[in-house]
Amino acid sequence: TSEEMYCIGCGAELQTEDKTKPGFIQNSTLKKYMESDDDSKELLCKRCFRLRNYNEITDVNVDDDEFLKLLDSIAQKDGLIVNVIDIFDYEGSVIPGLQRFVGDKDILVVGNKVDLLPKSVNQNRLLNWLQQKSKENGIKSIDQIMVSAEKGINVDKLMMMIDKYRKGKDVYVVGTTNTGKSTLINRIIAQSSDVKNLITTSRFPGTTLDRIDIPLDDGHNLVDTPGIIHKYQLAHVLNDQDLKTITPKKPLRPSTFQLRDGQSIFVSGLARFDFLDEKTNVVFYVNQNLLLHRTKTVNAEEFYEKHVGKDLTPPTDIEDFPELKKHEFTAHEKSDIVVYGLGWVTIPAHSKVQVYVPDGVSVSIRDAII
Ligand code: GDP
C-alpha cells in the first residue's frame, strides 16, 4: 500500500513482513481493520496488542548504538531534557555520559516510584542524594523532583517545573527501560488532555519503541524516546516471573534484625549479607514477600549451594544465574547498603558488612534515608 500506517501503542510503522521487527501486524488483522468502518478502533502492532491485552512481553532490543544515535539527534536540537530515574534502581537507570551527549542543554532529573518508599523517608535527604548522584555521574541537573507516575504523586508539580524550565521549547523525555517513563508520560497526557494510553506500558524492560511526539499547547512537543537496556540491572539476571516477585508494589516495610557476631542474612537467593560486628541492629527494606533468612556465616556458603533455586527463590531458574560476588562496606555514618532493583539494608554507624550479589549487579552505600 502507498499509505503508511503506525501503531497507536508504540508509534512504529506497521509492517506484515518480519515478526521480530517493530510494528509487525498479521495480514489478516490488518485486513479486518481496513474492512471495518468503525472509526474508533485502534490499530496496534501485535506486540502492543499482546502487551495491552495479555500483559505479555516480546523481546525487543534497543542497543547502545541506536541509543547514542538518538541522543545525538537530540543534541542537535534545542530543548529541555527530562531524565527519568527509577529511585529503586539508580545504577540501572542512570545514563552514563548523558550530559556529554546532549551538550549544554538543561537536564531536569525526575526520581520516579517514590510511592514505594516508606512514609518515614526524609524527602530532603532523598533529593540531596539524587542531586549528589547526578553530580557523580556528570549530570549538572537544573533541578530534581520525586514523583510517582503510577500514583500520580507530584505529577502536577513536575508539569509546572517542566513548563518553567523548558522556556517555550521542546521537551525530551529520556530514560532507561523500566524506569516508568511510559507510565509517567501517560499520566502527563491524562492530566493535560483526554488522549489516554497513547503509549504501551509494561512491567518489563524495552517497551517504548519509537519516539512519540505529544503536542504541548504552544506548538512544541513532549517527546518520548526509546529506552536503553542496561545489562547490569537485576532485571537481566532474573526471568519475568522472578522480576515480578521482587518488584515491590506497596511501600516497603522495615524488617529489623538483632544480630550477633558471625551471622548472615540471605535475601532469598539474591543477596547475602555478612555482618562483621560483634553485635548489631540492621533493618531490611525489600519486598515483603521475599524470604529473609538468618544463618551462621560459617555455614552460609554451603547453605546457599544447597538451597538456591529450591528454598531460596527467586531465583527460580539457576541455570543462567550468575555466581554471587563479594563487596565490602564500612559505614562511617548510619548508612544504607543498596542493592539496585532489590532494596536496601540500613546499618548503624561504624559497622562493617560484606555483601554478596549476583555478578554484574550494582551495590553501593549511601547515608541512611530514614
Ligand atoms: P518504561 O520502560 O520506562 O517506559 O517503564 P514503564 O512505564 O513501562 O514502567 C515499568 C514498570 O514500572 C511497570 O511495571 C510500571 O507499573 C512500574 N511503574 C511505573 N511507574 C511507577 C511508579 O510510580 N511506582 C511504582 N511502584 N511502579 C511504577
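**View 1. Strands β1 and β2 pair in the parallel sense.** In this predicted model, six bridges link strand β1 (residues 79–86) to β2 in the parallel sense, and within this pairing Val-82 has Leu-108 of β2 as its bridge partner.

**View 2. Strand β2 (residues 107–112) is mostly covered.** Six of the six residues of β2 are buried, and the cover extends to both faces of the strand, with Ile-107, Val-109 and Gly-111 buried on one side and Leu-108, Val-110 and Asn-112 buried on the other.

**View 3. β2, helix α6 and β3 form a right-handed β-α-β unit.** Helix α6 spans residues 123–136 in this unit, while β2 and strand β3 (residues 141–146) run parallel and are joined by five bridges; Ile-107 stands opposite Ser-141 of β3.

**View 4. Five strands make an open sheet with antiparallel pairing.** The strands follow the order β7-β10-β14-β13-β16, and the edges are formed by β7 (255–260) and β16 (363–367), each of which pairs on one side only. Neighbouring strands in this sheet are turned against each other by 25° on average, direction ignored.

**View 5. The protein chain as a whole, for orientation.** The secondary structure of the chain comes to ten helices and 16 strands, and 39% of its 370 residues count as buried. Among contacts in the chain with a separation of 6 or more, 71% are between residues 24 or more positions apart.

Definitions and conventions: Residues are numbered from 1 along each chain as its sequence is written. This is a predicted model: local features need pLDDT of at least 70, side-chain atom pairs count only at pLDDT 80 or more; totals for chains, interfaces and linings use all residues. Two strands pair if DSSP finds at least two bridges between them. Helices (H or I, at least four residues) and strands (E, at least two) are DSSP runs, numbered from the N terminus. Axes are lines fitted to C-alpha atoms, for helices over the stretch in contact, and angles run from 0 to 180 degrees between N-to-C directions. A residue is buried if 20 or more other C-beta atoms lie within 10 Å of its own, exposed if 12 or fewer, and partly exposed in between; C-beta atoms are placed from the backbone. Two residues are in contact if their C-beta atoms, placed from the backbone, lie within 7 Å. A crossover is right-handed if, with the strands pointing away from the viewer, the path from the first strand over the helix to the second runs clockwise.
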